[in-house]
Structure formats: structure tokens, C-alpha cells
Amino acid sequence: TRLRNIVGPLFTKRRAEDHRAGIEGVADRLLERIAAMDPPVDLVETYAMALPIHVICDVLELPLQDAAELRSWSDAFMSVTAASPADVRASAKQLRRYAEALVNDRRADPRGGILDALIAASLTDSRAVADDETVMSRDELVRMIVGLIVAGHETTGVVIARGVLTLLRHP
């Protein structure tokens with residue numbers, strides 16, 4: 001509840017609306033690319049999973065060139081691939097390192113987005129959070145960023161894929 005209270009105000013309907021044009025642009029570009037492909041096309045790979053990782057990169061202001069690597073780590077972390085237990089651990093470690101580097105970079109050069117608001121709500125050292133309900137520890141911040149990256153695209157991609165499958169089965 002404490003963490004949800006810190007993060008919740010950053011994900012409002014108004015903030016989502018601020019990203020609408022960018023999301024629609026990404027969706028259109030992906031669909032145009034699919035339309036230019038020779039059938040059959042893997043809709044899960046080219047659209048259902050591609051759209052949400054682009055969106056989470058946009059929302060968190062992450063470099064789009066990191067999307068493929070983030071998705072790969074996330075897929076292994078969530079065990080949606082044939083990743084070995086060692087690969088799952090390595091991906092979790094890479095996601096954590098990525099999030100830690102983001103925190104360090106954004107503390108030095110904030111941009112004013114959601115990620116910066118999360119960083120502002122965190123402690124700068126490893127002290128435990130006391131009774132202050134408005135802050136999170138550095139570890140909680142890093143885990144929150146990893147969680148937003150993973151859940152921010154994985155669940156949405158699965159919903160898109162299942163939605164399309166349902167529409168194809170029941171037009």
C-alpha cells in the first residue's frame with residue numbers, strides 16, 4: 001500500500017493521455033511494417049510484444065535502442081522462454097544493473113518524467129525506510145523500476161495477443 005501510494009499518482013489518466021499520440025504513432029508504424037511483410041506474420045512478436053515495450057520505454061523515457069535487450073531480459077526473467085535457471089538469474093541481475101544505472105544517471109541528470117519523480121521519492125542511500133510513508137528505499141526504487149519494465153510490457157503484450165486470438169476465434 002505504501003509503495004502503491006507513492007507510485008499511483010504518477011500513473012493517472014491525464015498522464016496516460018499525454019502519451020496517447022506517441023502510443024498511437026508507434027502502433028501505426030508497427031502495423032504499417034506488418035502490412036509490408038509477406039505472410040505469415042508472427043503477430044505476437046511483431047506487434048503484441050513490440051508495442052508495449054516501446055510504450056514502456058516512452059513512458060519511462062528509456063532509450064528505444066534498449067527495448068530489445070530489456071525485452072530479452074524480461075522474457076527470461078518471467079520464464080516465457082526456454083531460459084535455463086542460470087539465464088533467469090543472469091537476466092534478473094542484468095535488469096537490476098540496468099535499473100541501478102538508470103537511477104545513478106537520472107540523479108545526475110534529471111529530465112522531469114515519471115522515473116525522476118520515482119527517484120525523488122527515494123532515499124539516496126541504503127538506509128531502511130522509517131515511518132515516512134512518502135519515501136521508498138533505494139532497493140525498493142530499483143525493484144520498482146524493474147517491475148515497471150517487466151510488468152509494463154509483459155502483461156500488456158499477453159493481453160493484446162490473447163485479445164487478437166479471441167477476436168480471430170469469435171469474429
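Predicted model: local features only at pLDDT ≥ 70, side-chain atom pairs only at ≥ 80, totals over all residues.

Q: Which residue classes line the second largest pocket?
A: The lining of the second largest pocket has 4 nonpolar, no polar and 6 charged residues. Nonpolar covers Ala, Val, Leu, Ile, Met, Phe, Trp, Tyr, Cys and Pro; charged covers Asp, Glu, Lys and Arg; the others, Gly among them, are polar.

Q: What volume does it have?
A: About 150 Å³ for the second largest pocket. Volume is the space filled by probe spheres set on the points, which are joined across faces, edges and corners.

Q: And how much space lies in the largest pocket?
A: About 370 Å³. It is lined by 20 residues, and Phe-11, Ala-16, Ile-23, Val-55 and Val-59 lie nearest its centre.

Q: Which helix gives the largest share of that lining?
A: α2, with 7 residues. α2 (13-35), α4 (50-60) and α8 (138-169) each supply at least two. By class, the lining of the largest pocket has 12 nonpolar, 4 polar and 4 charged residues.

Q: Zoom out. How many helices and strands?
A: The chain has 8 helices and 0 strands. Both are DSSP runs, numbered from the N terminus: H or I over at least four residues for helices, E over at least two for strands. The C-alpha atoms fill a box of roughly 55 × 40 × 30 Å along the principal axes.

Q: How do α2 and α4 cross?
A: Their axes come within 10 Å, at roughly 150 degrees. That makes α2 roughly antiparallel to α4. The cut-offs: under 35 degrees is roughly parallel, over 145 roughly antiparallel, 65 to 115 roughly perpendicular, the rest oblique. Axes are lines fitted to C-alpha atoms, for helices over the stretch in contact, and angles run from 0 to 180 degrees between N-to-C directions.

Q: Left-handed or right-handed?
A: The crossing of α2 and α4 is right-handed. Right-handed means the near helix is turned clockwise from the far one by less than a right angle; anticlockwise is left-handed.

Q: Which residues meet there?
A: From α2, His-19, Ile-23, Val-26, Ala-27 and Leu-30; from α4, Ala-50, Leu-51, His-54, Val-55, Asp-58 and Val-59. Contact means heavy atoms within 4.5 Å. By class, this contact of α2 with α4 has 8 nonpolar, 2 polar and 1 charged residues.

Q: Next, α5 and α6. What's their angle?
A: Roughly 135 degrees between α5 (residues 67-77) and α6 (residues 85-108), with the axes coming within 8 Å. That makes α5 oblique to α6. Their crossing is left-handed. Leu-70, Trp-73, Ser-74, Ala-76 and Phe-77 of α5 touch α6 residues including Asp-87, Val-88, Leu-95 and Tyr-98.

Q: At what angle do α6 and α8 pack?
A: About 115 degrees, with axes 9 Å apart. That makes α6 roughly perpendicular to α8. The crossing is right-handed. Among the residues that meet are Tyr-98 and Leu-102 in α6, and Leu-141 and Val-146 in α8. By class, the contact of α6 with α8 has 11 nonpolar, 1 polar and 6 charged residues.

Q: New topic, the backbone. Is the peptide bond from Pro-39 to Pro-40 cis or trans?
A: Cis, with omega near -5 degrees. Pro-40 lies in the loop between α2 and α3 (43-48). Most peptide bonds are trans.

Q: What is phi of Glu-61?
A: Near 60 degrees, a positive value in a residue other than glycine. Glu-61 is in the loop between α4 and α5, and Glu-61 also lines the second largest pocket.

Conventions. Residues numbered from 1 in each chain as written. Heavy atoms only, no water. 1 Å grid on protein atoms, 1.4 Å probe; cavity = no way out; pocket = protein on both sides within 12 Å on 5 of 7 lines; lining within 4 Å.
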